[in-house]
Amino acid sequence: VNDIAQAFQATWQRPPTAQELQGLVDARVREELVYREGVALRLDRDDPVIRRRVAQKLEVLAEESAVLQAPDDAELESFMQQNAERYALPAEVTFSQVLFDPSRHGALLEADMQEALQRLEAGENPQQVGDRTQLPTQVKTIPLDLLARDFGDEFAQALPGLPVGQWAGPVTSGFGLHWVLLSSMTPGRPASLSDVRKAVDRDLENERRQQAKQAYYDQLRKKYEVVIDADLSTAALPGAQQ
């Protein structure tokens with residue numbers, strides 16, 4: 001009854017009235033009676049929804065056994081080193097770009113791009129050169145993985161190979177061809193724990209949960225003799241390839 005009253009308080013920010021509390025208690029009693037009668041009639045058997053729910057609850061209990069104590073820095077550092085590639089910090093670039101859409105220029109694409117390159121090298125404002133686009137002309141320091149999200153993988157992979165401080169290209173993206181002025185390029189590097197602590201902490205906890213769940217299953221499996229009464233090599237669905 002106290003639990004019911006506290007749950008009401010947490011939801012409505014006030015204690016229940018006597019009438020409300022009586023109604024909540026009556027509802028709980030009704031639920032318990034119906035549940036017990038359903039179990040007595042074996043209605044919980046062979047129901048895929050109930051099976052999955054019970055299995056999920058048990059797996060959660062197994063997972064929780066692995067996260068009772070927070071990992072210390074030594075454990076986090078060790079896990080990070082074991083998965084160094086996962087946490088490596090990507091290269092970062094700062095650049096300006098001018099886009100040319102091949103469909104707009106047709107046979108004049110190469111000539112138009114060469115004329116634009118001469119204007120850019122002469123110091124003309126990049127915003128006055130090339131095709132109008134929603135892409136930013138100037139991009140401040142951005143990691144290559146985020147750059148790939150905006151410009152595509154091919155474009156992002158090409159930038160670290162460009163010379164710094166001069167217009168170069170053309171660089172291909174899903175939008176067309178670009179002249180690119182790379183202003184700076186910081187190579188990728190291994191992460192320190194301070195850089196990625198939250199991610200390492202989250203991933204280590206998740207791995208511990210998965211390991212605990214698997215260990216629980218392995219122990220559980222030893223308690224049962226499992227008989228699969230079918231030839232799996234010939235048990236395909238009708239119409240499926242054998």
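Which residue forms a salt bridge with Arg-149? I looked this up first, in what is a predicted model, and found that the partner is Asp-150, with the closest N and O atoms 3.3 Å apart. I then checked the cover on each side chain: Arg-149 is exposed, at a relative accessible area of 61%, whereas Asp-150 counts as partly exposed at 35%.

**Other salt bridges**

I went on to the remaining charged pairs, having noted that the count comes to 13 salt bridges. Side chains of opposite charge can pair when their charged atoms come close. Arg-14 and Glu-20 meet through their side chains at 2.9 Å, N to O, and I recorded relative accessible areas of 34% for Arg-14 and 28% for Glu-20.

**Overall form**

I next read the chain from end to end and listed ten helices and four strands, in the order α-α-α-α-α-β-α-α-β-α-α-β-β-α. The radius of gyration is 31 Å, while a compact globule of 242 residues would have one near 18 Å. Along the principal axes I noted a C-alpha trace that spans about 85 × 60 × 45 Å. Buried residues make up 26% of the 242 residues, and the chain exposes about 17,700 Å², of which carbon and sulfur atoms supply 51%. Among contacts with a separation of 6 or more, I found that 65% join residues 24 or more positions apart.

I then turned to the interior, since in soluble globular proteins nonpolar side chains tend to be buried together. The largest nonpolar core has 19 residues, and Val-93, Phe-95, Leu-147, Phe-155 and Leu-159 have the most contacts inside it. Each of β1 (92–100), β2 (138–143), α8 (144–151), α9 (153–158), β3 (167–173) and β4 (176–186) supplies at least two residues of this core, and the largest share, four residues, comes from α8. I followed Leu-147 in particular: beyond its neighbours within four places in sequence, Leu-147 is in contact with Val-93, Phe-95, Ile-142, Gly-152, Phe-155, Ala-156 and Leu-159. A second, separate core of eleven residues includes Phe-100, Leu-109, Ala-116 and Leu-120.

**Single positions**

Is Gly-174 buried or exposed? I located Gly-174 in the loop between β3 and β4, and it is exposed because its relative accessible area of 80% is over the 50% limit. Gly-174 and Phe-151 are 23 residues apart in sequence, and I noted 7.1 Å between their C-alpha atoms. I placed Ala-212 in helix α10, where this residue is buried because its relative accessible area of 15% falls under the 20% limit. Between Ala-212 and Leu-108, 104 residues apart in sequence, the C-alpha to C-alpha distance is 64 Å.

**A surface patch**

Last, I looked at Tyr-224, Val-226, Ile-228 and Leu-232, which form a nonpolar patch on the surface with about 470 Å² of accessible area together.

Notes:
Residues numbered from 1 in each chain as written. Predicted model: local features only at pLDDT ≥ 70, side-chain atom pairs only at ≥ 80, totals over all residues. Heavy atoms only, no water. Patch = residues over 30% accessible without salt bridge, like charges linked within 9 Å, V, L, I, M, F, W, Y side chains within 5 Å. Areas by Shrake-Rupley, 256 points an atom, 1.4 Å probe, with all protein chains shown as cover. Salt bridge = Lys/Arg side-chain N within 4 Å of Asp/Glu carboxyl O. Core = buried A, V, L, I, M, F, W, Y, C linked by side-chain atoms within 4.5 Å. Buried < 20%, exposed > 50% of the residue type's maximum accessible area, 1.4 Å probe, protein only. Contact = heavy atoms within 4.5 Å. Rg over C-alpha atoms; globule rule 2.2 N^0.38 Å.
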